[in-house]
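Here is a friendly walk through one protein model, heading by heading. Have the coordinates open as you read.

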Amino acid sequence: MMQRYNILWADDEIDLLKPHMLFLQQRGYDITPVNNGSDAVELCTTRNFDVVFLDEHMPGMSGLEALSLIKNAKPSLPVVMVTKNEEEQIMEEAIGAKIDDYLIKPVNPTQVLISVKKILDNKRLVMEHTNASYQQEFQRISLAFMGELSHEQWSEMYRKLIFWDLQMESADNKEMLEVLEAQKVEANHNFCKFVRKNYDKWLNDPAAEKPLLSHQLMKKKIFPMVKKGEPLFVFLIDNLRFDQWKVIEPALLEYFVVEDEKTYYSILPTTTAYSRNAIFSGMMPSEMERTHPQLWVGEDDEEGKNNFEDEFLQKQIARANLNCKASYHKIKKLEEGKFLVDSFNNLFTNDLNVIVYNFVDMLSHARTDMAMIRELAPDESAYRSITKSWFLHSPLWEMMKMVSARGARMIITTDHGTIRVKKPFRIVGDRNVNSNLRYKQGKSLGFEGDKIMFVPKPERLFLPKSSVTTAFAFAVEDQFFAYPNNYNYYVNFYKDTFQHGGISMEEMIVPLITLAAKKS
């Protein structure tokens with residue numbers, strides 16, 4: 001049965017609007033008419049209405065005065081302003097007071113109905129349209145899994161699934177979200193098979209069709225954009241997934257034009273130590289270890305594995321013969337971000353400015369370690385919401401607005417993404433095996449079955465070997481590695497946390513966004 005809505009309509013000529021009210025009543029809306037602003041304000045404080053229609057020009061209390069009082073009492077109550085006055089000032093005052101629609105007299109019943117539906121039935125109509133559209137797309141996506149997709153097609157598939165995820169979320173469509181979630185699981189299953197089959201070829205077969213990878217990012221995409229006297233800002237936000245980019249994009253569109261929205265593939269392991277060092281060095285991990293042993297920090301070392309990004313970047317710039325003035329900054333704490341904001345104008349004398357922002361990575365680890373964060377981010381939607389809230393109140397956002405104000409260009413990217421893990425996978429190893437939940441490196445890795453990616457010859461994937469028998473194991477889809485000792489405690493603690501290091505669309509297919517400042 002269709003819900004009946006209650007509408008309050010205030011107009012000093014309310015009797016002339018009886019045909020309009022009858023039209024709405026016949027379509028399931030209950031109307032309460034009043035002929036002045038004072039009665040409208042009083043009724044709004046004593047009764048519940050779903051929407052209010054206010055005539056702007058009424059004797060005594062005007063519509064704008066009534067609007068202000070109604071919004072003070074009930075800020076979320078939708079109000080439609082109806083007026084004969086087309087003056088821009090009146091419209092701006094009404095919009096500033098947060099009206100939900102604006103109608104110019106004379107209005108016809110259909111105009112009123114459209115306004116009501118737009119406000120009250122919008123959610124239901126959006127949900128119905130989203131359902132119908134996704135049901136058509138569902139079959140096409142499922143059929144695509146039966147064929148051999150290229151790396152570009154997998155990137156497009158991932159972006160398509162994110163689009164529907166965000167559409168379902170905005171429509172608050174829980175039933176269809178469950179269907180979509182099942183399809184995302186199927187997509188990741190097929191994507192991981194694709195990576196296991198092709199990753200070695202990407203690195204070793206010159207003729208293979210391959211995606212842009214971490215170690216090629218600076219040389220192929222960023223260095224060609226550097227021009228003398230035109231500062232370029234590269235913001236590398238650690239752990240930023242493509243869906244997280246999409247939720248901060250609307251805020252950026254006020255200040256920037258998206259010139260290019262692409263993705264690239266993170267190398268394995270999808271961790272900061274490997275993928276981000278590869279970005280700044282322009283090398284794969286084993287090449288870094290061999291060429292710059294003083295800068296590469298292995299798994300056995302306690303020293304921070306990303307303490308030499310600046311040196312790696314400078315060496316890559318020199319190898320590329322890029323004659324430019326460059327800067328590098330890494331932000332790990334709020335105070336460091338605020339300090340950089342204060343001196344940010346100094347960076348506009350550089351041709352290239354690289355700013356690494358670690359917040360999203362800290363958020364993912366905080367979610368694992370802190371009960372409060374786990375409560376705040378119980379699912380992917382909440383995780384995106386926290387990311388957006390942080391971004392809009394961060395020094396990073398202030399920096400980006402300063403880039404826009406100075407008319408500069410910028411790139412937003414990341415080193416890898418993250419996935420919410422759900423399925424434990426038993427693995428054993430000696431005490432020297434690393435602690436990451438999505439990949440293991442060691443000499444004595446033991447497990448059953450073939451549901452992971454096991455790499456007995458790391459040199460094939462340009463990964464360093466601490467001994468002749470060193471091997472790597474990568475979790476796929478939504479797995480996480482768990483040791484048999486204290487297995488139940490371990491599983492309960494880490495299940496439904498966001499992790500990275502393994503193989504999934506979320507970890508490997510990451511954003512590469514080019515933006516230009518909007519013209520004033």
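## Strand E3 and its neighbours

Strand E1 (residues 5-10) pairs with E3 in the parallel sense over 4 bridges; two strands count as paired if DSSP finds at least two bridges between them. Helices (H or I, at least four residues) and strands (E, at least two) are DSSP runs, numbered from the N terminus. Within this pairing, Leu8 stands opposite Val52 in E3. E3 is also joined by 4 bridges to strand E4 (residues 79-83), and these two run parallel. Here the bridge partner of Leu54 is Met81 in E4.

This is a predicted model: local features need pLDDT of at least 70, side-chain atom pairs count only at pLDDT 80 or more, and totals for chains, interfaces and linings use all residues. Residues are numbered from 1 along each chain as its sequence is written, and side-chain values use heavy atoms, with hydrogens and water left out.

E3 (residues 51-55) is mostly covered, with 5 of its 5 residues buried. Buried means under 20% relative accessible area, exposed over 50%, and partly exposed in between (1.4 Å probe, protein chains only). In a regular strand the side chains alternate between the two faces of the sheet. Val51, Phe53 and Asp55 point one way from E3, Val52 and Leu54 point the other way, and all are buried. Together with helix H3 (residues 63-73), E3 and E4 make a right-handed β-α-β unit; right-handed means that, with the strands pointing away from the viewer, the path from the first strand over the helix to the second runs clockwise.

## Salt bridges

How many salt bridges does a search of the whole structure find? The search gives 32 salt bridges, each being a side-chain nitrogen of Lys or Arg within 4 Å of a carboxyl oxygen of Asp or Glu. One of them joins Asp165 and Lys184, with the closest N and O atoms 2.9 Å apart. That pair links distant parts of the chain, Asp165 in helix H7 (residues 151-170) and Lys184 in helix H8 (residues 174-204), 19 residues apart. Both Asp165 and Lys184 are buried.

Glu309 and Lys330 also meet through their side chains in a salt bridge (3.5 Å, N to O). Glu309 lies in helix H13 and Lys330 in strand E8 (residues 326-331), so the pair ties together parts that are 21 residues apart in sequence. Glu309 is buried, at a relative accessible area of 1%, while Lys330 is partly exposed at 21%. Salt bridges that share partners also join Asp165, Glu169, Glu181, Lys184, Arg241, Asp243, Glu380, Arg384 and Lys422 into one network.

Thr413 sits in strand E10 (residues 409-413). Is Thr413 buried or exposed? Thr413 counts as buried because its relative accessible area is 1%. Its side chain reaches the backbone oxygen of Pro511 at 2.8 Å.

Lys465 belongs to the loop between strand E14 (453-455) and strand E15 (471-474), and is partly exposed at 30% relative accessibility. The Lys465 side chain makes a polar contact with the side chain of Glu459 (3.4 Å). A polar contact is a pair of N or O atoms within 3.5 Å; within protein, one must be able to donate a hydrogen and the other to accept it, and residues adjacent in sequence count only if both atoms are side-chain atoms. The side chain of Lys465 also reaches the backbone oxygen of Val468 at 3.2 Å.
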